[in-house]
Amino acid sequence: MRRLAFALALFSLPGCLTTPAEDKTRVTLVVSFSAVPAIVRQSPDSWYAQVTLSGGDLERPLVATARGLAGSDADLTLETTSGGPRRLTITWFYYTGETVETWTHARSDLFLVPGDQTVEAALVRSPEFTLEGTLRFPGEVPTQVQLQDLSTGLTFPAVQAAELGDSSCGFSLHQVPVGRFFLLQVRDAAGVLHSFDDCPVFSSRPGTRGFEGDLADLSCALE
Amino acid sequence: MFGFLLGLLLTTTAPDSKEPSGWRVVLSRGATPAARFGRVTTAPGGFVKWLIADRCLITLEARTEVVFSTGTGVCPRVHLVEGTVRVVAPATDPVDLTWSGGAHRVIGVFTLAFPGGRPVDAPGEPKEPAPDTTLSTGASPVRQLQTRLGVLLRETFSGSGDTVVQTGAAGSMCLDSGGSAGDVGNNQTGITQMPPAARLRVRIPYPRPEGGR
């Protein structure tokens, strides 16, 4: 379904597929996107950084994002009105290829002076918790369970659900950063992605939290 | 000081609460709201966000008056007298939000503004066009919930690593045409000017993740 949608999107975007008549061995594909596609997954050994700047005197928070490969520094620029105090938050996800490490930085005492200003932010590793859950499902056992970070839209690596019998399955999601809200998403046997909207996953401390959900009506509970 | 006020708040309004320590201020600005018989009022220019037992998030914006009382679960019942309140609540711990002439059980994200005696974002009421009065309920599409949650939580939780923050009282600052600093709304002409632009460059050194990459 997603491939079909992508194919349709390609044809609906401004662009062209040309085959010059004089050279039948060359095919040129030119595609331009009207908007930058959202990054929903990372490549292994890459990082994704999100910087937000908010304050009571700003109409809405400013957001800037960047991505890069392991070993490279991030450098972002935000432009707004001077004043303060402003709250600066930085979230830095590093995908090892197996897991996502979450590093953060936050300060609330930032006063912006007119003109240029540079701050250097040292990141610290975010504490993590484990989410263990059981899902009831009609029909065949779901294939994958994953978490989507609500603030950035990034999807964390999916895990396989293990069938427990009696139309239920279990899963464990490790290294989930504390202090962030996630949506739990489940891909069923037909490939359809279901989202448990009513139970944002959140924990403020390390440890283990439990999740129970039913794919039949998407009812859920976070314990 | 704030712990004392919260203790007073909970003692007054939720004596049966099993997790009185579950109330945490995740962000606030301006004078700490005082609680009297469960009634809390925020100052002009101030706001406060509470995270309660890791389940629900309640935000009071400036000039907001609410009355807290014991809810069915860990989250309190909220009666909005005046101002703007935002609530994030999961299905397992819905928040009963009431106002003069209405009530709504909040699941998901909900914003209610009640200035001048008339709610502008009550369910079933015609909604006035405003950037910050988007109504979403548990039955809303995913994208609406995500968008609303994103806006609300980006400011509060993004990258905080669960840092508890209480900012001090401070007015926003701007420069007048002569270049000297003054408070908005406090100048002699009564004309508020936009502060000069600032460009913030954020450098994030690679933090050398574990494993020596």
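## A cavity between two chains

In the lining of the second largest cavity, the residues split into six nonpolar, one polar and two charged. Here nonpolar covers Ala, Val, Leu, Ile, Met, Phe, Trp, Tyr, Cys and Pro, charged covers Asp, Glu, Lys and Arg, and polar takes the others, Gly among them. Chain A's part of that lining is A:Phe181, A:Pro200, A:Phe202 and A:Leu222, while chain B brings B:Asp54, B:Arg55, B:Val88, B:Pro90 and B:Thr92. A cavity is a set of points, on a 1 Å grid over the protein atoms alone, where a 1.4 Å probe fits but cannot get out, and lining residues have an atom within 4 Å of a point.

How much space lies in this second largest cavity? About 70 Å³, counted as the space filled by probe spheres set on the points, with grid points joined across faces, edges and corners.

## About the model

This is a predicted model, where local features need pLDDT of at least 70, side-chain atom pairs need 80 or more, and totals for chains, interfaces and linings use all residues. Residues are numbered from 1 along each chain, chains are lettered from A and ligands numbered from 1 in written order, and side-chain values use heavy atoms, leaving out hydrogens and water.

## A look at A:Arg87

A:Arg87 sits in strand β6 of chain A, residues 83–95 (a strand is a DSSP run of E, at least two residues, numbered from the N terminus). A:Arg87 counts as buried because its relative accessibility is 4%, and buried means under 20% relative accessible area with a 1.4 Å probe, protein chains only.

## Chain B overall

Chain B has two helices (DSSP runs of H or I, at least four residues) and 13 strands. Of its 213 residues, 46% are buried.

Note on methods: Buried means under 20% relative accessible area, exposed over 50%, partly exposed in between (1.4 Å probe, protein chains only). On a 1 Å grid over the protein atoms alone, a cavity is a set of points where a 1.4 Å probe fits but cannot get out, and a pocket is an open set with protein on both sides within 12 Å along at least five of seven lines; lining residues have an atom within 4 Å of a point.
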